[in-house]
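I opened this one up to see how it is put together. These are my notes, in the order I looked things up.

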Amino acid sequence: MRNTLAGDVVIDTVSSLCPRCGSPSLATIFDREGKVYQRSECSCHTPSEDLIFSDTALYHRLEEWNRLVFPETLAAGMPSSSICPAAEMGSQNEPCLAVIDITNRCNFKCPVCFAEAKGEGSHYFLEMEVVVKMLKALLNRPVPCRSVQFSGGEPTLHPDFPKILSTARGLGFTHLQVATNGSRFVDPDYAKLCEESGLHTLYLQFDGMNDDVYLKMRGQRLLDKKIAAVRSIEQTNMRLVLVPTIMSSVNVDQLGPIFKFALEHNKFVTGISIQPCADVGRIAVAKNGAEPFNLATMARCFGEQTGLTRFPDDWFPLNSISLLSRAIERVRNENTHPPLSDAHCSIGTFFYVDDNNKPFCLSSFFDLDRFLRGMADIKPYAEQGLISRQISKIRQFSQLSKCLDLRKTPPGLTFQRLLGSLDSWEDKHAGRSEGWAQRGFNGIFVAGMHFMDAHSYNLRRLKRCIIQYVATDGQLIPFCSYNAGARLRESEELTRITGKLPLGGYSGYSAHTGEHPVTAD
């Protein structure tokens, strides 16, 4: 429908929060001259409009994937036009990845820190017994979550970080990550210790390939230290994902250089997770009136800087991969939880890297769109007999092979080798098995994950969240509720600093404040 007053085409109406007062409100998402905006309609304030996506066509394409992944008419059972109370800001999904902040202490004071971590003031280090209870809470869920990322603050400052890793491994967690600035991993001995303790993957803060970027984004020159940290990891059997925070007018031009660096180190750097800077936490870098950087801008700029991707054809939402996971689940009669996030939360692309280190975008020779959409048609395991199930497997294998264009396939890439690359992409454990680095990991992903802020808050997206924080009482909090919107991080950190849990929390909880332990009353 068209808003005749403003000349805007309305796309949707969603439950949101007022960007000024945080009250539950409605927001209108609309198209204006090929770009997508969100208009807050809080009854207490005049409407405010913010650009949330710089390409309407790609926005609609992501909505098509949402309809395929979430076939129900009403998203998460919630009418689009209703106001959802702020108290109902949980996720209806089980987490694919759980995040545990083990400290709020940091040795940096980055101007763009969404956690507002700093070196001075009140701090905590979670006691081991508390971490164990939080980890066990993940295993005691209806569907256990065995993938966890330790974060902060700078988690490696925790004096027991290696012990926390080994404890998590002992409890049965199959994928251990750390979100880090990399400062401690400059020391090869520390990197080796973390590997031996069970760490699989580092999500390494990595904003560009020149120190001007780090001076603006992090307040200091860091490029040499980032490269030194990468070299330390290359002496281990761990994986690296580079995590650039991208801000308009600061480092948008670094997408190409970062990919070039990742490619040069692709035996260990197996991905880039791009984070458009959200207006949350501590933002002290001038935007100079530039348009907010978003996932559509990311996809377009990456292609322009590298010449390796087409816009928008080569970019897919994270939730499209869930169709493959669902199909595998149906064939195997397993009850797993594929990444059913909202399509607007994350988009990405995947590269096959040949033996000469040359990258080929997967969708340039493999019809990923056709394949993933075909996966949605696989019937549930229980609806097929034994012979039918075997025939179904053969048909799907045939369908997969037909999606491969042999005329465009990179030299030396066999069908079986491609399957191996996709296996390691879909099954993280396969890509981290002992000796994977020695065999050569021949794939690299580039993805962007856009966290919501007050200008883009959308409770439908929130209810589909798959990355969730673990609170000290064992409850799970969606990423964008913890860091934006209600900003539950603040009350949770206060709980940890004071050592006093909310009602219903763990008995006997304790924390370190500075260097001194505090015991709950």
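Predicted model: local features only at pLDDT ≥ 70, side-chain atom pairs only at ≥ 80, totals over all residues.

Before the strands, a word on terms: I count two strands as paired if DSSP finds at least two bridges between them. With that in hand, I checked β12 (residues 245-246) against β13: 2 bridges join them, and they run parallel.

**Entry: around β13**

I stayed with β13 for a while.

Which other strands pair with β13? I found β11 (residues 239-243), which is parallel to β13 over 3 bridges. Here Leu-242 stands opposite Ile-272 of β13. I also found β17 (residues 443-449), parallel to β13 over 4 bridges. In that pairing, Ser-273 is opposite Ala-447 of β17.

Is β13 enclosed or open? I looked at residues 269-276: 8 of the 8 are buried, so the strand is largely enclosed by the rest of the structure. I used under 20% relative accessible area as the cut-off for buried.

**Entry: the whole chain**

I went back for the overall numbers. The protein has 16 helices and 21 strands. Of its 521 residues, 58% are buried. I get an accessible surface of about 21900 Å², with 51% of it belonging to carbon and sulfur atoms. For contacts with a separation of 6 or more, I see 71% between residues 24 or more positions apart.

**Entry: cores**

How many residues does the largest nonpolar core have? I get 112, and the residues with the most contacts inside it are Phe-53, Ile-100, Phe-150, Phe-185, Phe-365 and Phe-366. Helix α2 (residues 128-139) gives the most to this core, with 8 residues. There is also a second, separate core of 20 residues, and I noted Leu-17, Met-449, Met-452 and Tyr-457 among them.

I found Tyr-37 in strand β4 (residues 35-40). Is Tyr-37 buried or exposed? Its relative accessible area is 17%, so Tyr-37 counts as buried. Leaving out neighbours within four places in sequence, I see Tyr-37 in contact with Thr-28, Ile-29, Phe-30, Arg-32, Asp-50, Leu-51 and Ile-52. I also checked Ala-27, 10 residues from Tyr-37 along the chain: their C-alpha atoms are separated by 9.9 Å.

Glu-33 sits in the loop between β3 (24-32) and β4. I noted its positive phi of about 55°, although Glu-33 is not a glycine. Glu-33 counts as exposed, at 79% relative accessibility.

I found another positive phi at Asn-357, near 70°, in a residue other than glycine. Asn-357 is in the loop between β15 (346-353) and β16 (359-361), and at 27% relative accessibility I log Asn-357 as partly exposed.

Where did I find cis peptide bonds? One runs from Gly-152 to Gly-153, with omega near 20°, and Gly-153 lies in the loop between β8 (147-151) and α3 (161-171). Another runs from Phe-311 to Pro-312, with omega near 0°. I placed Pro-312 in the loop between α8 (295-306) and β14 (316-317).

Conventions. Residues numbered from 1 in each chain as written. Heavy atoms only, no water. Buried < 20%, exposed > 50% of the residue type's maximum accessible area, 1.4 Å probe, protein only. Contact = heavy atoms within 4.5 Å. Areas by Shrake-Rupley, 256 points an atom, 1.4 Å probe, with all protein chains shown as cover. Core = buried A, V, L, I, M, F, W, Y, C linked by side-chain atoms within 4.5 Å.
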